[in-house]
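Have the coordinates open as you read.

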Amino acid sequence: MIVCLCQRVSDREIARHARNGMSFDEIQLELGVATQCGCCGQCAQDIVTQCHAEVAALRQEGLQVQEVDGQLQRSSAATALRA
Ligand code: FES
C-alpha cells in the first residue's frame, strides 16, 4: 500500500528500512517520506514504531532478525554465529 502519495513510498519500503534499524528521521531522509505535504507523517511514524517494537520483542526472545526480500528472517543467536 502506498503511504506517501507525494513521494510514492509504500508501507513495505518503510517497514523494510525500520526493521533494518533505521529511525524515522533516517527513513525520511532516505525515502523522502513525509517531506512534502506531510499528510503521511503519522502513518509512516506508526509503521516505524510498530516495526521497531516487533524487532525488539524478537531480540528479547534471543532471536536474531533480518529483513530479506520483504520478509522478516529469524534465527537463533547460535545459528547466526555458525553462519
Ligand atoms: S503524502 Fe507523503 S509527503 Fe505528501
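Q: What makes Asp 25 and Leu 29 the residues on the outward side of α2?
A: In this predicted model, Asp 25 and Leu 29 are exposed and sit on the face of α2 turned away from its buried side. The label "exposed" takes over 50% relative accessible area.

Q: Which residues of α2 are buried, then?
A: They are Phe 24, Ile 27 and Leu 31, and buried means under 20% relative accessible area.

Q: How do you know that the buried residues of α2 line one face of the helix?
A: Look down the axis of α2: its buried residues fall within an arc of 60 degrees, so they line one face.

Q: What do the buried residues of α2 pack against?
A: Their partners are β2, α1 and α3. Just after α2, Gly 32 takes a positive phi of about 85 degrees.

Q: Which residues of α1 are buried, and what do they pack against?
A: The buried set in α1 is Ile 14, Ala 15, His 17, Ala 18 and Arg 19. They pack against β1, β2, α2, α3, β3 and β4. Just after α1 there's a glycine with positive phi here too: Gly 21, at about 100 degrees.

Q: Why is His 17 called buried?
A: The relative accessible area of His 17 is 9%, and the cut-off is under 20%, so His 17 counts as buried. This residue of helix α1 touches Met 22, Ile 27, Glu 30 and Leu 31, leaving out residues up to four places away in sequence.

Q: What makes the pair Glu 54 and Arg 19 a salt bridge?
A: The closest N and O atoms of Glu 54 and Arg 19 are 3.5 Å apart. The limit is within 4 Å, between a side-chain nitrogen of Lys or Arg and a carboxyl oxygen of Asp or Glu, so the pair qualifies as a salt bridge. In general, side chains of opposite charge can pair when their charged atoms come close.

Q: Which parts of the chain does the pair link?
A: Distant ones: Glu 54 is in helix α3 and Arg 19 in helix α1, 35 residues apart. The structure holds one salt bridge.

Q: Which residues touch the most other members of the largest nonpolar core?
A: Ile 14 and Val 33 do, in a core of 16 residues. β1, α1, α2 and α3 each supply at least two residues of this core, and α3 gives the most, with four.

Q: What does Val 33 touch?
A: Leaving out residues up to four places away in sequence, Val 33 touches Cys 4, Gln 7, Val 9, Ile 14, Ile 27, Gln 28, Cys 40 and Ala 44.

Q: Which residue has a positive phi although it is not a glycine, and is it buried or exposed?
A: One of them is Arg 8, with a phi of about 55 degrees, in the loop between β1 and β2. At 62%, Arg 8 is over the 50% mark, so Arg 8 is exposed. Another is Ala 34, at about 60 degrees, in the loop between α2 and α3. Ala 34 has a relative accessible area of 15%, under 20%, so Ala 34 is buried.

Conventions:
Residues numbered from 1 in each chain as written. Predicted model: local features only at pLDDT ≥ 70, side-chain atom pairs only at ≥ 80, totals over all residues. Heavy atoms only, no water. Core = buried A, V, L, I, M, F, W, Y, C linked by side-chain atoms within 4.5 Å. Buried < 20%, exposed > 50% of the residue type's maximum accessible area, 1.4 Å probe, protein only. Contact = heavy atoms within 4.5 Å. Arc of directions from axis to C-beta.
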